[in-house]
Amino acid sequence: MTATSLTSTQGAGRAGDKVFSGAALAAGCLILAVLFGVALFLVVQAIPALTAPADKIQGGQGFFAYIWPIVIGTLIAAVIALVIATPIAIGVALFISHFAPRGLASGLGYVVDLLAAIPSVVYGAWGAAFLAKEISPAYGWLAANMGWLPIFEGPASTTGKTILTAGIVLAVMVLPIITSLSREIFLQTPKLHEEAALALGATRWEMIKMAVLPFARPGIISAVMLGLGRALGETMAVALVLSSGALTASLIQSGNQTIAAEIALNFPEASGIKVSTLIAAGLVLFIITLAVNMIARWVITRHKEFSGAN
Amino acid sequence: MSKRIDVKDLNVYYGDFLAVEDVSINIEAKSVTAFIGPSGCGKSTFLRTLNRMHEVIPGARVEGEVLLDGDNLYGPGVDPVTVRSQIGMVFQRPNPFPTMSIRDNVLAGVKLNNKKISKGEADVLVERSLKGANLWNEVKDRLEKPGSGLSGGQQQRLCIARAIAVEPQVILMDEPCSALDPISTLAIEDLINELKDQYTVVIVTHNMQQAARVSDKTAFFNIAGTGKPGKLIEYGDTHTIFSNPVQKATEDYVSGRFG
Amino acid sequence: MTSTLTPVRSKRSALTKGQLPKYAPYAVLGAALIAGAAIMALIGFNPFGWGVVSAILFAIGLVSWSAAVEGSRKAKDKLATCLVVGSFLVALLPLVSVIWTVLVNGIPGLLDPGFLTTSMNGVTGAFDNKSVESGAPVVGGIYHAILGTVQITLLATVISVPVGLLTAIYLVEYGQNGRLARAITFFVDVMTGIPSIVAGLFAAAFFFAVVGPGTKTGAVAAVALSVLMIPVVVRSSEEMLKIVPNELREAAYALGVRKWRTILKVVIPTAISGIASGVTLAIARVIGETAPILVTAGFATSINSNVFGGWMASLPTFIYTQILNPTSPSNPDPSSQRAWGAALVLIILVMVLNLVARLIARIFAPKTGR
């Protein structure tokens, strides 16, 4: 009865294992291929712009002269966003993790996550229709009273559509990212350390300074960098809110431009060398955000062993 | 419907580490054999090689032979999946499939393999398996309810019914009662006594009284120290092992001097 | 022998001296609000300014009172509490403002007849001028945009879910921390950071090279959205598959069931509620993306039911173009109204998807009823 019973394999079944595992492997490799493909296709389509004679590129000075003011503009907007968002995000995360009544905590977290669910184009529309109008009197005041600072140099924009406004909208968009990551980290602080601080007679703030913040520092850094990556790549908040122009130091005048907004505004109507130029700009943006994200991931994996959460 | 198992010179490796060394043992058909020994002595590891379950862990391999009525489980061209449909296993913690009803859990071995079986045949199989596991009377009115809604002891009997439904030759049990209360344990031990009329049963247990109650023959495994391989020290009739063992180590263990 | 109980109140315990009275925060709040109103009356009252000034006065007042009575450590603690609560309130402001703006501006748009059932086909600036001048209802609707959004997102989902789920299966069931698995995990993380406009450029560049320059269809947009969706699907599916206890897999193997059948019939059904919920959240995330669709599908004014042919509208691009390029440049208000109506529809869509995701997670979780 048994000479063949163990070796008689269910043919279809065994092949099924190979087919299925092959499909899973193929899917994984597809992801790597897609990423490689993104880089490759962008480079290929961008080369005409990178190698074209200087006068063919917009501005007549060659690609580098075209792109570097826009890169600076991108960085300015992102820095404004982070400077505004980071302290508020950390405060909100601390509020939810350590200050709010326990029953409310998850509900409050959900409310902050609502900020993340709103599409970016709606933020752009809000920035253009509401925030810009409301804030332009403040710009007038800044130009009048602090105009000696280059960043507040007048005359202030009357529409309010400046890079500072765009930066504020970006801050609102980046806030939920930094908040939710920081909140996770704060909640993971070992209770042992917190209780040790409290047992020494520390006030709540002192306990946070002693036990929570040092533990959370790498996580906060990583969260900020992820927020930076998002702010660098965000299109709609800038395209709808910023009245673009040449690079200017003043934050309260119209002018400046970011890469993403430049592409969005010009690509639909573009043709020929202009298309290549914009794709090259996209490549520059891709490289910048890639670097920022990789550093952020590296920071958090490096510090996982030292997190003390074990 | 049950076969004997003959193991010849079996060595079990995890990568380069030798976990169990040189085991030879003959297990009679339609009998209950117990493996006893202190924690970490390799008895569960060895049990898993009897239905090639150790291969689920990457890097695990064996050298030697395990013969099921003369067929080598590790022979060339032998599919582990076929082996496991002939040698079933019940685990330490009851693990009914949470997305399936009681009825579907019992039929899982059949349904998951897409074997076609009519509703009438399925009903007969469910009833037979649940009766064989002494669970029929308790669940016959709620076969469509989820399997995870039963008590621990009932869940374990459900897992036994599930194993029986595949109609194996051998049933391996890896400490089946250690997660259960004493009443459920007793129910399972009674069940094992009935199962041996039809199946060859091998049970790993760290409860020596259970081994004494339940098994015909007992094998004692021991380990010389951490990092050293486990070995089979003595194998014989249960009565002899517990009252008159040959090896001193066996006597020390069953009289409670260590382990 | 009668024992006299000394009332607790009259004795000042060593543990309670040197503290602010319990009513202190409310007293300071009241004073700050009044003082704030007074200051605002001098420079021109507005509610926002009143709130800000009162908040600052409250913080200064409470902290200095605390410093005087309780000492600097407790004062610092109170200052920290003020700042933390304040930051939460500040974070709420834009949320409330955005939602309010969308509601106030969007509801009139929604209420216009035919808004949800007509497209912008044939609607010119002249119509808008007439609407403004004669007070007639605003013409034009978003049906084409809704249809476009549904088509593009559906196609993106069809592409992303198999690829994402299979990759997650590879990582959890087969990869086991091998080098390929670690590389895939790392690059999936990297993919979550691709700016949406770069994803759009990639899809555009890919189709330009493969099909022909200037190819802009709904399908290209769907590919761009897939680049954004796949990492989200992979991450959340991976988490859900890891949660399935290993014992279930072992139980199936021990019954003689093959690995692929175990995955398909035991592991995935056990994890399905989490996977479905993760996919729904991924959809919610990409449905509001504008930039990738802008550079890949253009923007149409009429209904297009063919994802593979011609420009296609979508809700986000509709909002974008109506605001930047109003149909009638001299009378931008009707365009603005239509844009806000579309924004309201889009937000409702996103919220509904988020709710559905939560419901799925709860309803389809493996039941443990008796």
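**Figure 1. The loop of chain B that holds B:Ala224.** In this predicted model, B:Ala224 lies in the loop that joins strand E9 (217-223) to strand E10 (230-237) of chain B. Is this residue buried or exposed? B:Ala224 has 12 other C-beta atoms within 10 Å, and a residue with 12 or fewer such neighbours counts as exposed; B:Ala224 is therefore exposed. Along the chain, B:Ala224 and B:Cys41 are 183 residues apart, yet 8.6 Å separates their C-alpha atoms.

**Figure 2. The annotated domain of chain B.** An unreviewed UniProt entry lists residues 5-248 of chain B as "domain: ABC transporter". Over residues 5-248, chain B is 34% helix and 27% strand.

**Figure 3. The contact between chain A and chain C.** Here 67 residues of chain A are in contact with 69 residues of chain C. Which helix gives the most to the side of chain A that touches chain C? Helix H1 (residues 11-51) of chain A does, with 21 residues. Sorted by class, this side of chain A comprises 49 nonpolar, 15 polar and 3 charged residues.

**Figure 4. Helices H8 and H10 of chain C.** Helix H8 (residues 218-243) and helix H10 (residues 259-286) of chain C pack with their axes 8 Å apart, at an angle of about 150°. Angles over 145 degrees count as roughly antiparallel, and H8(C) is therefore roughly antiparallel to H10(C). The two helices, H8(C) and H10(C), form a right-handed crossing. Residues of H8(C) in the contact include C:Leu225, C:Met229, C:Val232 and C:Ser236; among those of H10(C) are C:Ala271, C:Gly274, C:Gly278 and C:Arg285. The contact of H8(C) with H10(C) involves 14 nonpolar, 4 polar and 1 charged residues.

**Figure 5. Helices H12 and H13 of chain C.** The axes of helix H12 (residues 315-324) and helix H13 (residues 333-363) of chain C come within 8 Å and cross at roughly 155°. How are the two helices, H12(C) and H13(C), oriented to each other? With the limit for roughly antiparallel set at over 145 degrees, H12(C) and H13(C) are therefore roughly antiparallel. The crossing of H12(C) past H13(C) is left-handed. From H12(C), the contact includes C:Leu315, C:Pro316, C:Phe318 and C:Ile319; from H13(C), the contributors include C:Ser335, C:Arg338, C:Ala342 and C:Leu346. By class, the residues of the contact of H12(C) with H13(C) are 10 nonpolar, 3 polar and 1 charged.

Terms used:
Residues numbered from 1 in each chain as written. Chains lettered and ligands numbered in written order. Predicted model: local features only at pLDDT ≥ 70, side-chain atom pairs only at ≥ 80, totals over all residues. Contact = placed C-beta atoms within 7 Å. Helix = DSSP H or I, 4+ residues; strand = E, 2+ residues; numbered from the N terminus. Nonpolar A, V, L, I, M, F, W, Y, C, P; charged D, E, K, R; others polar. UniProt positions renumbered as here; feature names shortened; annotations may be inferred. Axes fitted to C-alpha atoms, helices over the stretch in contact; angles between N-to-C directions. Parallel < 35°, antiparallel > 145°, perpendicular 65-115°, else oblique. Left-handed = near helix turned anticlockwise from the far one by under 90°. Buried ≥ 20, exposed ≤ 12 C-beta atoms within 10 Å, placed from the backbone.
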